[in-house]
2 protein chains.
Amino acid sequence: MSLNRIGIVGLGLIGGSIGLDLQKIGYEVHGLVHKEQTRERAKERGLATIISTSPEILSNCSVIILALPLSQIVHPSSELTNALPRHAVITDVGSVKAPVIEVWKELHPRFIGSHPMAGTIETGVEAGRRNLFQNRPWIITPGKNNDEDSLNAIKELASALGSNWITTDPQTHDEAVALISHLPIFIGAALLKTVSEGSNQDLIKLAKLIASSGFEDTSRVGGGNPELGVAMATHNTSAILSALDSYFSSIHSLEEMIRTNQWIKLKEELKSTQQHRRSFIKPNKIN
Amino acid sequence: MSLNRIGIVGLGLIGGSIGLDLQKIGYEVHGLVHKEQTRERAKERGLATIISTSPEILSNCSVIILALPLSQIVHPSSELTNALPRHAVITDVGSVKAPVIEVWKELHPRFIGSHPMAGTIETGVEAGRRNLFQNRPWIITPGKNNDEDSLNAIKELASALGSNWITTDPQTHDEAVALISHLPIFIGAALLKTVSEGSNQDLIKLAKLIASSGFEDTSRVGGGNPELGVAMATHNTSAILSALDSYFSSIHSLEEMIRTNQWIKLKEELKSTQQHRRSFIKPNKIN
């Protein structure tokens, strides 16, 4: 086993980007892909040092990153799990953590959940790029059974990629991403549904003509990849339902202020939300 | 009266921008401002040909544009209304139309409502800029009492500024902007409220660390100018309440699909919202 030999399962946006960066800083990267065609293209792009469609390529890797879609992380093939060396530290890149930990705590003694946050909309073997993780959060969700060395290996990896690692428990992670990443999908989708599905065609026509940047921004993730929205809803159901429940309270309270003409109270609320946003967004991003 | 003499009341973002563009294409622009200090700065910036704090400057203008905040358009001073020549065509720039028409149909025989859509967040005498209206919608809401010449004067003005004019009735306008511009404010504000006001401080802290572009975009107008949000709620109350009511149906139906694990139905819905967004946003703007 070499400490500098990292395995990556899947060379899409996340896996390919990790592969490019790690090679640049001296790691030997072993990439496992599913199809021969992907292997050829990944090799052309230099996404890993050695690339194969055979899981044997993972033997003798010190750390193995499962850079697969969430459904494949939660339902791994036995071909994959059998190929993972017991001594290696295994991590993943899934955007939901509790269901991943639930499965993997039974499958491998050195599995530690990870969520590198660097989403873009691109996918596939063409998507990987340099410096995708620079200054981005990388959340690690260690369990009580994880040894210190395993945790340090993942922290080192995240740091080597320029990420800012954060540790938390899987439940808090899943609630936070439900609020920050998943709730906006359903909020935006509901806005698009509302504006598009009324019975007044003249109104919809005018709305389409005048839709501007405010509408574009508020609806952006709500009009995103349907598969992604469903995957989040499927794997993070209870945290999303709880986030929606809180959201209903918030929006109903604003609606009540409008309905009862409580303008002073509404102004205080909108002052608060303006302040809240400033505390969320980096100063150079406020617009 | 000169056909090339246009009056502008208020030289903020909208008034100042109109003044800059109209002068460039040969109009004589008479600007009325409230304060001496504004007059001096507006003169330095060349926002109008002649600028005064005295309403007399509006006499002999063929078209007069009330480029004032909505509350001042709805509650105009008698000093202003007395200074408006009866022969001139009067228009405004307010982002809600029914309450404006309600007031102005009694005040001036040639008033026609306008809503040039070119919002930016800047305001005041420094905000005016060239080409603000280029390729942007300019909605005109004529009433039955308006003569053809008045309507043509406003259409010509909008075209001269590079806008695409659209005519509709005040009610349809107000419902469309409620859906497209005002609903996103309260949707986004409720998101910020939900994420910021929970009792779990660890969760809020993590949420702030990981908030990313999806959250930033969805919450942008919800974290905007509180005065603007309250002005819209005050002057467009019933259309906003009706938009919120439709929105509640939409988001509750999505919530029900998640709660009852109707993943196939949810995927169809998210495919629809993805399609809907494409029909709203210009192709080069989809992201």
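## A buried pair in chain B

B:Asp92 has 0% relative accessibility, so it counts as buried (under 20% relative accessible area; exposed is over 50%, partly exposed lies in between, with a 1.4 Å probe and protein chains only). B:Lys97 is also buried, with a relative accessible area of 0%. The side chains of these two residues, B:Asp92 and B:Lys97, meet in a salt bridge, 2.9 Å from N to O. A salt bridge here is a side-chain nitrogen of Lys or Arg within 4 Å of a carboxyl oxygen of Asp or Glu.

This is a predicted model: local features need pLDDT of at least 70, side-chain atom pairs count only at pLDDT 80 or more, and totals for chains, interfaces and linings use all residues. Residues are numbered from 1 along each chain as its sequence is written, chains are lettered from A and ligands numbered from 1 in the order in which they are written, and side-chain values use heavy atoms, with hydrogens and water left out.

## Salt bridges elsewhere

Over all chains, the structure holds 28 salt bridges. One of them joins B:Asp217 and A:Arg220, at 2.6 Å from N to O. B:Asp217 lies in helix α9 (residues 213-219) of chain B, and A:Arg220 in the loop between α9 and α10 of chain A, so this pair links two chains. Helices (H or I, at least four residues) and strands (E, at least two) are DSSP runs, numbered from the N terminus. Both B:Asp217 and A:Arg220 are buried.

Another salt bridge stays within one helix. A:Glu268 and A:Lys271 both sit in helix α12 of chain A, three residues apart, or about one turn. Their closest N and O atoms are 4.0 Å apart. A:Glu268 is partly exposed at 44% relative accessibility. A:Lys271 is partly exposed too, at 36%.

## Strand β7 of chain A

Which way do the side chains of β7(A) point? A:Pro137, A:Ile139 and A:Thr141 point one way, while A:Trp138 and A:Ile140 point the other way. In a regular strand the side chains alternate between the two faces of the sheet. Five of the five residues of β7(A) (residues 137-141) are buried, so the strand is largely enclosed by the rest of the structure.

Now look at its neighbours. Strand β6 (residues 111-116) of chain A runs antiparallel to β7(A), joined by four bridges. Two strands pair if DSSP finds at least two bridges between them. Strand β8 (residues 164-167) of chain A pairs with β7(A) in the parallel sense, again over four bridges. A:Ile140 has A:Ser114 as a bridge partner, and A:Ile140 also stands opposite A:Thr167 in β8(A).

## Where the chains meet

How many residues does each chain bring to the contact? Chain A gives 88 residues and chain B gives 88 residues, where contact means heavy atoms within 4.5 Å. About 8500 Å² is buried between the two chains, and carbon and sulfur atoms give 72% of that. Buried area is the accessible area (1.4 Å probe) that two parts lose on being put together, summed over both. In chain A, the residues A:Ile210, A:Arg220 and A:Phe280 lose the most area to chain B, together 8% of what that side buries.

Six salt bridges are counted between chain A and chain B. Among them, A:Lys267 pairs with B:Glu227, with the closest N and O atoms 3.4 Å apart. Helix α7(A) gives the most to the side of chain A that touches chain B, with 19 residues.
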